[in-house]
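Dear colleague,

Please find below the structure that I am handing over to you, followed by an account of what was found in it.

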Amino acid sequence: MPNLHDATRGRILFGGDYNPEQWPEETWHEDVRLMKDAGVNSVTLGVFSWSKLEPEPGAREFGWLDTLMDLLHDNGIGVVLATPTSSPPPWMGRLHPDTLPVTEDGRTEWWGGRQHFSHSSATYRRYAAAITEDLAARYGGHPALTMWHINNEYCSFDFGDEAAAAFRRWLREKYGALDTLNTAWGTAFWSQGYDSWDGILPPRTPHYLKNPTQVLDFRRFTSDMLLECFAAERDIVRRYTPHLPVTTNFMPLWSGQDAWRWAAEEDVVSVDIYPDPRDPLGAQNGALVQDMTRSQARGPWMLMEQAAGPVNWRGVNHPKPRGLNRLWSLQAVARGADAVCYFQWRQSRQGAEKFHSGMVSHAGEEGRTFQEVKQLGAELARIAPRVTGGRITANIAVLHDWHAWWAAAQDGRPSTRVEYPDVLGAWHRALWEANLTTDFAHPEHDLTPYSVVVVPQLYALTDRAIDNLLAYARDGGTLVCGFLTGVADEDDRVRPGGMDARLRELFGIRTLHEWWPLDAGETVECDGFRGTLWSEEIEAGRPDRTVPYKGGELDGLPAVLRRGRAWYVSTLPEPEALRELLARVAADAGVRPVLDALPAEVEAVRRGELLFLLNHGREPVTVEVPGSHTDLLTGEGHTDRLTLGRYGVAVLAS
Ligand code: GAL
């Protein structure tokens, strides 16, 4: 199978989404001049070009694209060619309303925006296959082509009639017999028993709470339908170019796709990352997505989109201060990216995203944004030969599973304040701040490569996943589990005792009497730290050690239990306490931080033989790094220490 290396060939891909159809032809020549000036070696063409390529049903307008493919190739710029299928032309909705998705409350999602396609529509799929086929036939042999980009950020839902029929087919396949479905969905509750497959609907808006297992299966179905759309187009382009990699770009920690499954269907895993420049945890948000994408890719991955400056979809859209674009781009490289790309090349003058930055902003060539992009392009070219293909070794895995997230995110839960991504983020943050390199893994993955496995929260677990965790712990692994883990099975059926019995035994929990979720701003005292968000009334069985709650209703009961190398944390410790806890657990398991005594703002990552140091602070800092090193960015030598300026980065070779 081809991989990212087939497109990078030792370079770091640098460029972005290029939407030349928004510009007159003379601008294309100006674009290419500036691209070369900035060291751009790759652009993604055609993401939103469907109405230009197929202005009326069955018509083909390839001339403009021929010109661009040639122009880019003549100037040494490779093309990641997109199938345009995420934004069908207006004629499709007009002539074929069956291609339009319907929301849960029956509203049609009309054309005039984007992503207005129904994943289940046979008509949509037919048109999508046809344009994909013709693109692949025409450009499969073009020398500019380096990779295929299928669709864009698959993220739609459909509750309409054709989707309903597809949902029923999917359910029949999964359950075989209606009785099995009735049992799995617990339809005895609220008189929901089905006597016919035809009675089953997507979880459209009901009077009151929805059946949670129906919702859970619908999320699985939606992920699978979108994956079918991806795979259909992927298979078409693969017939023409079996030697070229195929990708589709994920949204960061997006709930709509089971990205573990999706990643296994891609040659290259790519993602779009847009932390808020004002967010004090922006760098950690980025690191989390980077770690997750690398883990899905099991090697180098592609940063398909980021913003060179502000986005336009937050309430207040802040620009990136000088140096931040470079810092966050190099952070992605440190954490395994072999491609650093943007949405988009040239900032639009019209349309819904005209106030979203581009590599060339409205200020043009003289603008700070382009000047910084240009500097970054030169630096990436400089470090690429030593960086690309380099691996990152992590001894810690954080477990993450979309199905557990979907099951936990239902209405009717104990606390709507407990949001899965927040809990996941809090645990990753603790590891990130402790400078402990971390992978993500699925709960059924092989965990034996890891010394420590951290489960922030996996509300629903399969028996197989529980077997896996128990085997890992039995074989000497250190397992740290947060609350609301192992509560339900894969049908969202609560396990006897409110938490899986074998897991309770593992941690030394005898009885889990009640959950005590906390209000906003409420904390719970524990011996040595404060807990937030959640607490539990646990009667201990035979733990080796406990840290008790202090005061209040839970006084003296265990907040943290440890049995052997298995830890259970029944609250969310405040950030510093969680960091200290995980740092201690890691140290006991023999896992060291990347560097000792790092200043708080500095992130350190080892990739291959290189050490990346990233200063997320606005003040210069001195970092102790024993030994002699050369900074590949500057060519300068350093012995035992070096100073990083505001948002400064060093890429050290020893
Ligand atoms: C992404 C999308 C791009 C652009 C960008 C703006 O989600 O793929 O097309 O809309 O966001 O930040």
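How many salt bridges does a search of the whole structure find? The search finds 40 salt bridges, a salt bridge being a side-chain nitrogen of Lys or Arg within 4 Å of a carboxyl oxygen of Asp or Glu. Please note that this is a predicted model, in which local features need pLDDT of at least 70 and side-chain atom pairs count only at pLDDT 80 or more, while totals for chains, interfaces and linings use all residues. Residues are numbered from 1 along each chain as its sequence is written, and side-chain values use heavy atoms, with hydrogens and water left out.

One of the salt bridges joins the side chains of R204 and D161 (3.0 Å, N to O). R204 lies in the loop between α8 (178-185) and α9 (212-240), whereas D161 belongs to helix α7 (residues 161-175), so the pair ties together parts that are 43 residues apart in sequence. Helices (H or I, at least four residues) and strands (E, at least two) are DSSP runs, numbered from the N terminus.

Domains

The protein chain is assigned domain 1 (4-158 + 221-387), domain 2 (396-588) and domain 3 (602-653); the bounds come from an automatic or database domain assignment. The centres of domain 1 and domain 2, taken over C-alpha atoms, are separated by 37 Å. In contact (heavy atoms within 4.5 Å) are 22 residues of domain 1 and 19 residues of domain 2. The area buried between domain 1 and domain 2 is about 1700 Å², with 66% given by carbon and sulfur atoms; buried area is the accessible area (1.4 Å probe) that two parts lose on being put together, summed over both. Of the area that domain 1 buries against domain 2, L253, W260 and Q284 supply 34%, more than any other three residues.

Across this interface the rule finds one salt bridge. The side chains of D439 and R294 also meet in a salt bridge (2.9 Å, N to O). On the side of domain 1 that touches domain 2, the elements giving two or more residues are α10 (259-263) and α11 (282-297). Of the elements on that side, α11 gives the most, with nine residues.

Sheets

An open sheet of nine strands runs in the order β5-β4-β3-β2-β1-β9-β8-β7-β6, with parallel pairing; two strands pair if DSSP finds at least two bridges between them. Its edge strands are β5 (246-247) and β6 (249-250), each pairing on one side only. β6 is joined by two bridges to the parallel strand β7 (residues 270-272), where S270 is the bridge partner of N249. Helix α4 (residues 63-74) lies across β1 (13-18), β2 (42-45), β3 (78-82) and β4 (145-149), at about 170° to β2. Axes are lines fitted to C-alpha atoms, for helices over the stretch in contact, and angles run from 0 to 180 degrees between N-to-C directions.

A further open sheet has seven strands in the order β11-β10-β12-β13-β20-β19-β18, with mixed pairing. β11 (438-441) and β18 (545-548) stand at the edges with a single partner strand each, so one side of each is left without a neighbour in the sheet. From one strand to the next the twist averages 15°. β18 pairs with β19 (residues 558-563) in the antiparallel sense over four bridges, and T546 stands opposite L561.

Yours sincerely
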